[in-house]
There are 2 protein chains.
Amino acid sequence: MDNAIFIGTKPFMNYVTAVVMQFTTKNASEIIVKARGKFISRAVDVSEVATKRFLEGQVDVKNISIDSEEFENKEGRQVRVSTIEITLGRRQ
Amino acid sequence: MDNAIFIGTKPFMNYVTAVVMQFTTKNASEIIVKARGKFISRAVDVSEVATKRFLEGQVDVKNISIDSEEFENKEGRQVRVSTIEITLGRRQ
């Protein structure tokens with residue numbers, strides 16, 4: 001079971017609500033907020049707002065990892081993009 | 001001694017070069033890449049390119065932390081901005 005939320009172009013609060021709902025109504029113990037490229041800043045914002053404004057004292061950032069993905073673009077060129085995974089977990 | 005590099009609007013490679021130089025010519029053992037708001041994605045890119053393309057096998061990501069800063073904007077409203085600190089360290 002991979003409780004991942006992938007951050008993209010939807011309205012900001014959609015993602016915050018999705019994170020909060022996972023912990024409150026779905027009773028998740030851990031979820032992973034993932035993003036690539038320019039959406040990385042947004043993944044950090046979602047994690048900060050969810051943990052500090054909505055789930056304060058209940059959920060913390062447990063781990064953050066960054067990496068790179070290589071892929072071929074439409075012109076056949078090798079392109080590198082950064083990725084982030086922010087693990088949020090229920091306080092013990 | 002705080003080896004911090006703050007990511008902003010300068011050309012991307014300026015920051016990568018600054019990071020690489022700290023480790024190669026200044027012989028730093030650790031540096032911290034810092035950014036706020038939309039520059040967070042860029043801080044991740046700088047860290048990934050510096051460690052994977054230029055300092056591969058020599059320097060790794062040691063720690064990543066995110067936080068929020070509150071400040072008052074020009075209209076006197078309280079505003080929240082996310083921050084990131086990526087600690088890069090020489091491989092032992």
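**Exercise 1.** In this predicted model, determine how many residue pairs are in polar contact between chain A and chain B, and which elements of chain A supply the side that touches chain B.

*Solution.* Step 1: counting pairs with both residues at pLDDT 80 or more gives 13 residue pairs in polar contact between chain A and chain B. Step 2: on chain A, at least two residues of the side that touches chain B come from each of helix 2 (40–54), strand 3 (59–72) and strand 4 (78–90). Step 3: helix 2 of chain A provides the largest share, 9 residues. Step 4: by residue class, this side of chain A comprises 8 nonpolar, 7 polar and 7 charged residues.

**Exercise 2.** State the extent of the contact between chain A and chain B, and identify a salt bridge.

*Solution.* Step 1: the contact involves 22 residues of chain A and 22 residues of chain B. Step 2: the two chains bury about 1,600 Å² between them, with 59% of that area on carbon and sulfur atoms. Step 3: there are 4 salt bridges between chain A and chain B. Step 4: Arg80(B) and Asp45(A) form a salt bridge through their side chains, at 3.5 Å from N to O.

**Exercise 3.** Which residues have the most contacts inside the largest nonpolar core, and what does Ile86(A) touch?

*Solution.* Step 1: the largest nonpolar core has 48 residues. Step 2: the most contacts inside this core belong to Val19, Ile84 and Ile86 of chain A and to Val19, Ile84 and Ile86 of chain B. Step 3: leaving out residues up to four places away in sequence, Ile86(A) touches residues including Ile31(A), Val44(A), Val61(A) and Asn63(A). Step 4: Ile86(A) also touches Ile66(B).

Methods:
Residues are numbered from 1 along each chain as its sequence is written. Chains are lettered from A and ligands numbered from 1 in the order in which they are written. This is a predicted model: local features need pLDDT of at least 70, side-chain atom pairs count only at pLDDT 80 or more; totals for chains, interfaces and linings use all residues. Side-chain values use heavy atoms; hydrogens and water are left out. Contact means heavy atoms within 4.5 Å. Buried area is the accessible area (1.4 Å probe) that two parts lose on being put together, summed over both. A polar contact is a pair of N or O atoms within 3.5 Å; within protein, one must be able to donate a hydrogen and the other to accept it, and residues adjacent in sequence count only if both atoms are side-chain atoms. Helices (H or I, at least four residues) and strands (E, at least two) are DSSP runs, numbered from the N terminus. Ala, Val, Leu, Ile, Met, Phe, Trp, Tyr, Cys and Pro count as nonpolar, Asp, Glu, Lys and Arg as charged, and the others, Gly among them, as polar. A nonpolar core is a set of buried Ala, Val, Leu, Ile, Met, Phe, Trp, Tyr and Cys residues joined through side-chain atoms within 4.5 Å. Buried means under 20% relative accessible area, exposed over 50%, partly exposed in between (1.4 Å probe, protein chains only).
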